[in-house]
Amino acid sequence: LNRIGREFTILDIEKLNYLGIINAIRGNKVILTAEFNPAEGRYYLTGHRKGRKGHLSQIIYRDETLANPLCPICNKKINLGVRDRCIELQKNNVKIRNRDFLHLIPLIEVIAKAHNIKSIKSKKVNKIFHEIMEVYPSEIALWQSDRVLLDKRVDEKTITQILAVKKGDFKFQPPGFDGNYGKLVIGDQK
């Protein structure tokens, strides 16, 4: 459930009905698109994961993949990752419109990272999550707000991690590939 509701589009609609939605899409009246961070996705990079026969933790990168779509270790065909597919589209001169977008990181993952807890299902992580949801109507409202309006109900570690994510001080290391989700790293965490 921590990944549900991560992708949505806000449209400029004159009348909220089916025809209004269709006209907004056809008329390119997209205000904002929010999506799951691609680097966290299970197929962001092209590669084979640790655990396959003969693979320690191999990731096959773009330059090798486009020249030869076979894994150099097991000689099996590998699927092109999302990042490499985007690069391929750019090379083919596919026109991509620039729009405002927002990458949403699941709040529950940020809370777990703040407390070095591996499971997002832990009671402590869920307790903090629900305390934050008493202040904000939704996670999206938290990520879109200009300020973090959390008082003494939420600990300083969690607030610091939320602020770091809001500033963009995070990455996924390693990014997702071959069915494994990317691992969130916030701020100075190793």
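## Basis of the description

Because the model is predicted, local features are given only where pLDDT is at least 70 and side-chain atom pairs only at pLDDT 80 or more, whereas totals for chains, interfaces and linings use all residues. Residues are numbered from 1 along each chain as its sequence is written, and side-chain values rest on heavy atoms, with hydrogens and water left out.

## Overall fold

The protein chain contains 7 helices and 5 strands, where helices are DSSP runs of H or I of at least four residues and strands are runs of E of at least two, numbered from the N terminus. Along the sequence these elements follow the order β-α-β-α-α-β-α-α-α-α-β-β.

Of the 190 residues, 34% are buried, a term that stands for under 20% relative accessible area with a 1.4 Å probe, protein chains only. The accessible surface, from the Shrake-Rupley method with a 1.4 Å probe, is about 12,600 Å², and carbon and sulfur atoms make up 52% of it. Among contacts (heavy atoms within 4.5 Å) with a separation of 6 or more, 54% join residues 24 or more positions apart.

## The largest nonpolar core

In soluble globular proteins, nonpolar side chains tend to be buried together. A nonpolar core is here a set of buried Ala, Val, Leu, Ile, Met, Phe, Trp, Tyr and Cys residues joined through side-chain atoms within 4.5 Å. The largest one has 29 residues, and those touching the most other members are Leu107, Val110, Ile132, Trp143, Leu150 and Ile162. At least two residues each come from helix 4 (107–114), helix 5 (123–133), helix 6 (139–144), helix 7 (156–167) and strand 5 (184–186), with helix 4 giving the largest share, 5 residues.

Beyond its neighbours within four places in sequence, Ile132 contacts Leu107, Ile111, Leu142, Leu150, Val154, Thr158 and Ile162.

## Helix 4 against helix 7

The axes of helix 4 and helix 7, which are lines fitted to C-alpha atoms over the stretch in contact, with angles running from 0 to 180 degrees between N-to-C directions, come within 9 Å and cross at roughly 125 degrees. The two helices are therefore oblique to each other, the class left after under 35 degrees (roughly parallel), over 145 (roughly antiparallel) and 65 to 115 (roughly perpendicular). Leu107, Val110, Ile111, Lys113 and Ala114 of helix 4 meet Lys157, Thr158, Gln161, Ile162 and Val165 of helix 7.

## A buried glutamate

Glu131 lies in helix 5 and counts as buried because its relative accessibility is 16%. Leaving out residues up to four places away in sequence, Glu131 touches Arg153 and Val154.

Methods: Buried means under 20% relative accessible area, exposed over 50%, partly exposed in between (1.4 Å probe, protein chains only).
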